[in-house]
Amino acid sequence: MRLGVLDIGSNTGHLLVFDAHDGAAPLPAFSHKEPLRLAEHLDDEGKVSKAGRDALTDFVRSSVLVAEDKGCEEIVGFATSAVRDAANSDDVLEHVHAKSGVRIDVLSGEDEARLTFLAVRRWFGWSAGRLSVFDIGGGSLEIAGGADESPDVAWSLPLGAARLAREFFSKGEPDADDLKKLRRRIRAEIARDAGQLLRAGRPDKAAATSKTFRSLARICGAAPSGDGVLVPRTLPLADLAEWIPKLVSMSDDKLAVLPGVSLSRAHQVVPGALVAEACMDIFDLEELEICPWALREGVILERIDQIPLIERTPD
């Protein structure tokens with residue numbers, strides 16, 4: 001079956017059309033996305049602004065047309081941190097539904113971590129053993145770990161790269177005190193519940209996924225995306241620690257010319273790097289292996305799993 005997965009993230013709205021079949025890897029067939037930056041469309045009351053709401057609505061409406069043109073049988077829509085945390089999330093999603101006909105489900109932070117873990121498990125397989133998985137989004141950081149397809153532990157923290165950039169960098173270049181406060185905030189948040197993952201001991205494989213980690217790995221020398229998804233990519237802690245002082249000293253324009261970084265996300269590189277470094281340091285990980293599958297793939301895999309067996313069996 002051909003499915004459209006509509007991912008409303010804190011940075012980007014992304015429709016990914018998949019050819020999905022039981023027992024096979026979801027095959028991306030078409031991509032349609034817009035830089036919505038919803039995490040930066042929140043007012044002082046924590047509400048999505050009218051401009052943000054209208055941009056989201058227009059994107060969903062355009063995505064419906066794309067999905068129909070590409071022959072999708074179904075659209076599965078979900079929203080993550082920016083919408084989840086907004087004070088007016090219900091009103092925004094009702095408006096989107098009224099204008100587009102699409103219902104967008106809001107994933108909890110735990111579900112976001114759980115579904116990302118499922119995608120990473122399916123990508124690496126059972127030979128990966130016990131997995132630890134980290135995902136830095138625009139609004140939140142997800143952490144999960146376990147030896148099965150469902151993680152033993154899964155939680156979400158308000159440490160997304162866009163959220164931290166808005167809170168700490170919105171008034172211009174941060175000074176040394178600002179960076180020290182940011183670093184302390186990140187590490188305290190992660191360490192508070194770190195025991196949930198540490199109690200199980202060192203994982204057999206530690207993995208990271210999504211755009212922030214991919215960009216940081218690329219900065220540290222990982223292969224470009226054009227080399228394909230099967231090329232192994234890692235983010236070594238030693239290389240990241242060496243890069244962070246350089247990243248802090250760069251303007252957004254200079255950050256934007258680094259491999260794997262776009263101008264629209266340049267201001268998120270430093271907070272994202274500080275979160276990634278803290279994850280590896282606190283959980284005593286020398287490197288993270290980059291997984292090309294993430295939340296979208298987890299959503300589609302769970303949807304395939306829910307199809308009754310009779311529907312999967314050809315006549």
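Analyst: Happy to! Let's start with a pair of helices: α8 and α11 are roughly perpendicular to each other, because their axes cross at roughly 90 degrees. Keep in mind that this is a predicted model.

User: How close do the axes of α8 and α11 come?

Analyst: The two axes come within 10 Å. Helix α8 covers residues 211-219, and α11 covers residues 269-282.

User: Which residues meet where α8 and α11 touch?

Analyst: From α8 you have Thr212, Phe213, Leu216 and Ile219, and they meet Val269, Gly272, Ala273 and Ala276 of α11. Sorted by type, the residues of this contact are six nonpolar and two polar, with no charged ones.

User: Nice. What about α11 itself, how many residues does it have and how far does it reach?

Analyst: Helix α11 has 14 residues and reaches 20 Å from its first C-alpha to its last, close to the 20 Å expected at 1.5 Å a residue.

User: And is α11 largely enclosed or largely open?

Analyst: Largely enclosed by the rest of the structure, because twelve of its 14 residues are buried. Among them are Val270, Leu274, Glu277 and Met280.

User: What follows the helix?

Analyst: α11 is followed by Asp284, which has a positive phi, near 55 degrees.

User: Switching topic: how many disulfides are there?

Analyst: Zero, from a search of the whole structure.

User: One more spot: where is Arg114?

Analyst: Arg114 sits in helix α4, residues 109-124. With a relative accessible area of 26%, Arg114 is partly exposed.

User: What does Arg114 touch?

Analyst: Leaving aside residues up to four places away in sequence, Arg114 touches Pro151, Ala154 and Glu302.

User: How far apart are Arg114 and Phe213?

Analyst: In sequence, Arg114 and Phe213 are 99 residues apart, and in space they are 18 Å apart, C-alpha to C-alpha. Phe213 is one of the α8 residues from the contact with α11 that we began with.

Note on methods. Residues are numbered from 1 along each chain as its sequence is written. This is a predicted model: local features need pLDDT of at least 70, side-chain atom pairs count only at pLDDT 80 or more; totals for chains, interfaces and linings use all residues. Side-chain values use heavy atoms; hydrogens and water are left out. Helices (H or I, at least four residues) and strands (E, at least two) are DSSP runs, numbered from the N terminus. The expected span of a helix is 1.5 Å times one less than its number of residues. Buried means under 20% relative accessible area, exposed over 50%, partly exposed in between (1.4 Å probe, protein chains only). Axes are lines fitted to C-alpha atoms, for helices over the stretch in contact, and angles run from 0 to 180 degrees between N-to-C directions. Angles under 35 degrees count as roughly parallel, over 145 as roughly antiparallel, 65 to 115 as roughly perpendicular and the rest as oblique. Contact means heavy atoms within 4.5 Å. Ala, Val, Leu, Ile, Met, Phe, Trp, Tyr, Cys and Pro count as nonpolar, Asp, Glu, Lys and Arg as charged, and the others, Gly among them, as polar. A disulfide is a pair of cysteine sulfur atoms within 2.5 Å.
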